Amino acid sequence: MNLTGQAVAMKKSGDPAKISTYFFSQKCYLLIVTVTGILYNVGVVAGPWFEGRLALCFVNILKGTDTPSRMVRIAVLYVLTILAVQAMRFVKRLFVRKFANNIRLDMKDTLYKSLVHMDRAAMEKERAGEMMTKAITDVDACAEGMRKFLTEIFDTGVAMAAYLVMLFYYDVRLTLIVMIFPPVAYLIAEKMKKVVTRSTAESRRSAERLSGATLDRVSNTVTYRVYGRENDQDREYEKYLSDYEKKAVSANIWENMMQPIYLVIAMAGTVFIIWLGGRNVLGSGWRAWTIAAFTTYLACFTKLSQKTSHAAKLFNALQKAEVSWKRIRPFMKETPDTPDAGAAQPADLVCEDVSFAYPEDRTGEASGSAAFGTPVFSGLTFTAHPGEFIGVTGGIASGKSTLGKTFLCEAPYGGSIRYGDAELSTIASPENGAVVGYMGHDPELFSDSIGENIRLGKEGDILPYIRAVCLDEEIRSFPDGLDTLTGDGGVRLSGGQQARVALARTLFHSRPVMILDDPFSAVDRTTERKILANLRNMEKDAIVLLISHRLETFAETDQVIWMEDGHATVSTHDALLRNNEKYRRLCALQSGEPEKKQPEDAKPDGEEMPHENA
């Protein structure tokens, strides 16, 4: 299910770490379910009553004291009553499903946002398989447990109360005897709680290990094959699979084997009904019964006993849901929504003596005691105004992509990065998301349509952005157009198409500061020039940092940041051509033209030499 393309039906309020919050968020649905649930489950007692009337009428017809026409009238009334009761059941079930679906969306929305905002060090501690299980299996188990709870509150609780009233009405003493057995079934179900909970928890943990092993096997298939480790990994995977099969079977056995036992124990009172109820019909019991009363009483007790079995099954479902809730509860935290891009107004971006180094100990990072290694770059100083394009380039591993990610503030940086009057690192995460837009060199497409990969749930016309990245003609050639599925990771698109879809998405969700890492990947120079012109036109008020290895593009940028050996040179394209030999050589190689050497003292009148930061 794609959450990005769906809005949660009803917004919850309150503590997301409390189950009650999700119930209260669906107050309207709960009211409808309550009304229809009571009407349906009180109405079900009409079935045994009519069955008793029909049985008595049939006996009287055989005796000659009643007529078939009266039996037909009772039958017609019976059918009409049942139709009305079943209509209430249909409405109740419909809104219970809506309730459960909304709860599931609410929980996944909260969980996904929590995972997205999780601290990087904490994220690295979580295994991928465990996170998948929490995000999918556990949320579904919780929502299903809540659905069953709401269903059985009425279909079991209210119905059992209605049947019990009928039983006491017909014979109080007999009812006190036969009602000894259903509570015994409840007690056994409660005693089995620990066993069911333990087996379910073991099954969940085994599923986590299997998910992790599956991801590892898929991700590292080539490596295992190249180094001849396929057979070893197959054997290791078989261990995880075998363990999961055993744990899953054990959990299912404990959950399902008890249901017939619960029912047999609850139905044991039938023996007393046949014995003592028969005496009532013969006139020698505690009450004087007709055949109708006996039939109605037996039918009510049978249905009540079946409801007891359902209640025991409900206990097991709630126990499974409890296990899942305990696992995901630490992640159910309220995270503020990212403000719209319009919330951040255009302002200057000022970088002063900026540096960045990765922590040597990622574990220590979480506790604030991490040691940092050699800076990837340092001493970067420049000022950018709204509407300016800043080119960023350099050799392999010179820190270009690292510089782009620095503006995301996912890790501490040195120096100062100010947007307007605010230090970027001090801006809270949601507000930071309203300032900085980012497109990495990995497009990161998910398995959905091209349109949804661009929209990410946001409403609006995406066609201008598709035209801006020169992808409109290609999409028109696809049979499904914007509804064309990209496949997992975008595998059904070419590399250039993937990059342009990601660029269209970034433009559609525009921010005042745009970091574009290699946006023209796998496109020809003509297309690149068209896209760049469109970018200039669409992002007139934005500051765009364009990270690229194609230096020809930088002739149209306002500034260029050249990165080399941990140093950064901030200048212009023309000035770097005159004063930076490596930059000039790379430009010549890319353009196919012979390198033009510049005099050492070349310096046009009135122009300063570029400022080099080290």
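Tutor: Here is a short chat about the chain, one of its sheets and some of its aromatic rings. This is a predicted model, where local features need pLDDT of at least 70, side-chain atom pairs count only at pLDDT 80 or more, and totals for chains, interfaces and linings use all residues. Residues are numbered from 1 along each chain as its sequence is written, and side-chain values use heavy atoms, with hydrogens and water left out.

Student: Okay, how many helices and strands does the chain have?

Tutor: There are 24 helices and 11 strands. Both are DSSP runs numbered from the N terminus: helices are H or I with at least four residues, strands are E with at least two.

Student: And how much of the chain is buried?

Tutor: Of its 614 residues, 46% count as buried. Buried means under 20% relative accessible area, exposed means over 50%, and partly exposed is in between, using a 1.4 Å probe and protein chains only.

Student: Switching topic: what is the strand order in the open sheet of 4 strands?

Tutor: The order is β2-β1-β4-β5, with antiparallel pairing. At the edges sit β2 (377-384) and β5 (422-423), each pairing on one side only. Two strands pair if DSSP finds at least two bridges between them.

Student: How many bridges join β1 and β4?

Tutor: Strand β1 (residues 349-356) and strand β4 (residues 414-419) pair over 5 bridges, in the antiparallel sense. S355 stands opposite G414 in β4.

Student: What holds strands together in general?

Tutor: Strands of a sheet pair through backbone hydrogen bonds, either parallel or antiparallel.

Student: Why is the F23 and F99 pair called tilted?

Tutor: Their ring centres are 5.5 Å apart and the planes are at 35°, so the pair is tilted. This pair links distant parts of the chain, with F23 in helix α1 (residues 19-24) and F99 in helix α4 (residues 68-116), 76 residues apart.

Student: Are those two buried or exposed?

Tutor: Both F23 and F99 are buried. Together with F149, they form one aromatic cluster.

Student: What about F356 and Y358?

Tutor: Those rings have centres 5.0 Å apart and planes at 85°, so that pair is edge-to-face. F356 is buried at 7% relative accessible area, while Y358 is partly exposed at 38%.

Key. Phe/Tyr/Trp six-rings, centres within 6.5 Å; stacked < 30°, edge-to-face > 60°.
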